[in-house]
Each structure stands twice: as structure tokens, then as C-alpha cells.
Amino acid sequence: MSTPMEVTLQNPPDPDMSDQNAVASASASAPSPPPPPPPPRLPPVLADDRVSVSVEACLKPSSTARIDDVRSAIERMLEKRSLSYIDGPIPVPLDDPFLAENVERIRICDTDEWVQNHEILLFWQVKPVVHVFQLSEEGPCEDVSGDGQLPSFNEWMLPAKEFDGMWESLIYESGLKQRLLRYAASALLFTERGIDPFLVSWNRIILLHGPPGTGKTSLCKALAQKLSIRFNSRYPQSQLVEVNAHSLFSKWFSESGKLVAKLFQKIQEMVEEENNLVFVLIDEVESLAAARKAALSGSEPSDSIRVVNALLTQMDKLKSSPNVIILTTSNITTAIDIAFVDRADIKAYVGPPTLQARYEILRSCMQELVKKGILSNFQDSDHLVVPNFASTKENLNMPEMQETQTKFHLCKQLLEAAEACEGMSGRSLRKLPFLTHAALSNPYNCDPSRFLCKMVDTARGELSELPD
Ligand SMILES: Nc1ncnc2c1ncn2[C@@H]1O[C@H](COP(=O)(O)OP(=O)(O)OP(=O)(O)O)[C@@H](O)[C@H]1O
């Protein structure tokens, strides 16, 4: 979506503004006492243009406040404060009884799109876009076919409690998440504006492919959750239907035809309600290709080819509805049915985590273990805040950083652990701290340094068991 050009005279940089509630302390002040401080490095914005930054506010489960009222209250709060904008939580103001009663948390999101190299967005450069939402606690609703087999689909009301925090926990480099978010936003906008598909062609099918355990399914779910929050003014209701393609085909093929019909009839009903935004997630689409191939080679009943074709036809029908996004995943690209690959507009490869991503995944694991008291005995403070990858890299190049500093030593160890995990999937990395803990001779009162040593050993052990 485009960022409107706006003159930001109502919020010019004000030297006297105090920065009481800043996420990170940064000064927007004009230099007065000599020597003047170096001017802050500005993100790539024009002087008369502000960048749109999303601010997400989650309502308490008990709240019955109107979303519009909460949004206005948060906008007023943000106008009053000279925040610097970096990703992360902002405290709910306790001096505002309305917000304190209704809002569980407020979070600034996606500023990394605009800032690089530790630059900071200051309040006058930002146009906050506030999204208020309440999590659904309903849980998944399964297809009850009653034959004791795997359900062929699950359905969630979004945003769902189960997917809360999933987007933030997935770590990729190269802006993959932002790319997906922008793609989906553009697709919804084009449909909404009724762009003529004969003149400009696009669709709402996304295919994520790559090795197992790289977070493809999670990323699809997290994307659906994000979009349900970001588009809730236009679509007050969102649903996610997770189709288990594998289970569709593991049943007798005569059954499969009925299942596909039943499933899409249900989806069609959801889609007919124009205030609904519907996400259809088809995991492991390669099983469709396999079924078609087997049918062609004669080893499966020709019913199967009809089922695959029925599925593709149904998908084509859905494409004409503006309020559907089809998300698909596959562990292999080569074997995916060509008809399927052709249908997807965005095909993103989701690979194994890079060194930076591995470091950040392990860092988030360490923070969680410290927060919950599994790791302790940290000498410097009660709270262990391990610097991020960029700071660690910088620190390692600074001679004044002494080897004896505990934090510096930990960063180095964490980096070594991340290096030792080369070749591991995101899924294995997230399990590694658990396996490490289980392997400790004295798992109580474990200090982070000893834990990281053990983690390197455990990682080597795990990697040696991987097939070539
Ligand atoms: N890049 C990543 N960053 C953080 N966590 C990750 C990452 N990749 C995977 N994970 C972790 O691995 C778990 C499993 O991921 P998920 O099942 O979504 O992967 P997948 O690629 O769909 O795997 P499969 O193809 O085997 O089904 C996620 O819940 C997440 O905790």
C-alpha cells in the first residue's frame, strides 16, 4: 500500500519534548549547547514525508470496548509522546484508565523495513497506523468425519490465541516476512479496487517451498494471523482453514472426491460473507502431484486424477472471490504438480537458517530460559540480555571489549554455538536447548556459559546423526 505524502508540521522536532515513554532512549532535540552533537542518521524518508509504522494493540479477553474508541485513545496517546520507534512493546499507560482497563499490550512492529544499522525512527518521522484486535480463544474446530482417520481440515477464527507471537518468533533474513506481508496487502488492495484482471494479472496464491522444518507452515499461519489483524477494519472477521492434503489422499479415493466437495462447499459459504477474510492453507501440496503421477502410471485408481483436478478447479473458482488467500507449502519443488506451481503468484524459497538467523533463534531461546529461571547464576545482573547479532559482530571487532567481560564472553559462546549448528533446521534449533538441558549432569542452577558449552556438544551430536 502506498504511504501518503504528508506534511508533518503538527509534530516538528521539538527540543523541549521529554522522552518519558520512549521504547529506546533517543533524543530528537535540536543541538543547542556546543559542541553540537552529530545529527541523527535519518532513515530514507523525505523531509515532508512520514513513514507508516504499524502499532498493534491487543485487547484483554474481558474487554468489550469498541475497537474504534481504543484506536482513537491510542492515537491520542502516541501524539502526546515523543517516542522513538523501534520494534517492541510500549507500556500501556496506567494513567489512562480506559486503556489500562481494556488493553493488554501495545507493540510497535515492522520498523526494520525502514531502519538499518541501528538507526532509529523518531516520532516526527512516523505516521503510526494503529491496529486494535482481540484474540479468539475458541481453539480449532475440526472436521468430524467420524471414521477415526486424520481430520481432513481444521478451522480457526483469527486472530487466534494459538498463533499469538508466532510471527515474531520466526526469524529469517532478507526481508522474507515483509515481502510476504506486502505481497498479500497489494493483492487484497488490487482485488478491493476491482483492478481488471485482463489488464493487470495477479492472484492470491502463495507457495512456500524448501526443506522440512524451516517454518513454512508456521509462516503461513503467522501471515494469516498478521493479515487478519492488519485488515480488520475492512474484514472484521477472519478464518483459517487448514487442509490436510495428505489425509485427503490417504483415504479411499472415492471418499476423497466427496471430501474435496464438502470442504470447498464449506469454504465457499465462508467466502460468500463479504466481511470475512478467508485463508486456505494447503500443506504438503506435493502429495497432490504424487497422486496425479501415480494415477498416470496406473498404480492408483484413475479416481485420484479426478480428485486432484477437482481440487484445482475448486481453487480456480475461489480465485474469483476477493476475500480469499490461498497459502500452500511444499518440502520439494521439483515434484510439485506443474499446474499447481503455475497457479501461485509468489513462490518463496524458505531455506535453512543462516548464521545470523541461527544466532537470533538461539538467543531468543536463551532469553526465554533466563526469564523462566532455568538459567541462572549470572554474575552481572539478574537479567541476561544477550546483544543481537549485529552488536555482537561489532563488539568482537572492538579491542576495548575485554575478554573477561561476562556478556562479551557469552556473545562469543553463542556465536560459536550458532556456527556449530550449521545445517540444522529451525525446528531442530528450537529443540536444541531442551536436549542440552536434558544432557546436563547438574541441570539445576545452570549458568549460561556452562549451558552454551554443553549446547555446542549437543549440536555436534545431533548433526552427526543427520542423514547425509
Ligand atoms: N526460521 C525460523 N525461525 C524460528 N523458528 C523456526 C524457524 N524455522 C523453523 N522454526 C521452528 O520450527 C518449528 C516447525 O516449523 P514448521 O512445522 O512450520 O516447518 P515446516 O517447514 O512447515 O516443516 P515441514 O515441512 O516438515 O512440515 C516452528 O514452529 C518453529 O518453532
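I'll start with one tryptophan. W156 sits in strand β8, which covers residues 153–158. Keep in mind that this is a predicted model.

Is W156 buried or exposed? Its relative accessibility is 8%, and because the cut-off for buried is under 20%, W156 counts as buried.

What touches W156, if we set aside the neighbours within four places in sequence? The contacts are G139 and P140, then E162 and F163, then K221, and finally S238, Q239, L240 and E242. I also have one distance for this residue. From C-alpha to C-alpha, W156 and Y235 are 15 Å apart in space, with a sequence separation of 79 residues.

Now the ligand. The shell around the ligand holds 16 residues, and the closest are I171, K216, T217, S218 and N331. Sorted by class, that shell has eight polar, five nonpolar and three charged residues.

Next, the polar distances. For S218, an N or O atom of the side chain is 2.5 Å from a ligand oxygen. For T217, a polar side-chain atom lies 2.6 Å from an oxygen atom of the ligand. On the nitrogen side, R430 has a side-chain N or O atom 3.3 Å from a nitrogen atom of the ligand.

How much of the ligand does the protein bury? Taken alone, the ligand exposes 630 Å², and the protein buries 82% of that.

Which elements give two or more residues to the shell? They are α5, residues 216–230, and α14, residues 426–439.

That covers the strand residue and the ligand shell.

Definitions and conventions. Residues are numbered from 1 along each chain as its sequence is written. This is a predicted model: local features need pLDDT of at least 70, side-chain atom pairs count only at pLDDT 80 or more; totals for chains, interfaces and linings use all residues. Side-chain values use heavy atoms; hydrogens and water are left out. A residue is near a molecule or strand if one of its heavy atoms lies within 4 Å of it. A polar contact is a pair of N or O atoms within 3.5 Å; within protein, one must be able to donate a hydrogen and the other to accept it, and residues adjacent in sequence count only if both atoms are side-chain atoms. Accessible areas come from the Shrake-Rupley method with a 1.4 Å probe; for residues, only the protein chains shown count as cover. Helices (H or I, at least four residues) and strands (E, at least two) are DSSP runs, numbered from the N terminus. Ala, Val, Leu, Ile, Met, Phe, Trp, Tyr, Cys and Pro count as nonpolar, Asp, Glu, Lys and Arg as charged, and the others, Gly among them, as polar. Buried means under 20% relative accessible area, exposed over 50%, partly exposed in between (1.4 Å probe, protein chains only). Contact means heavy atoms within 4.5 Å.
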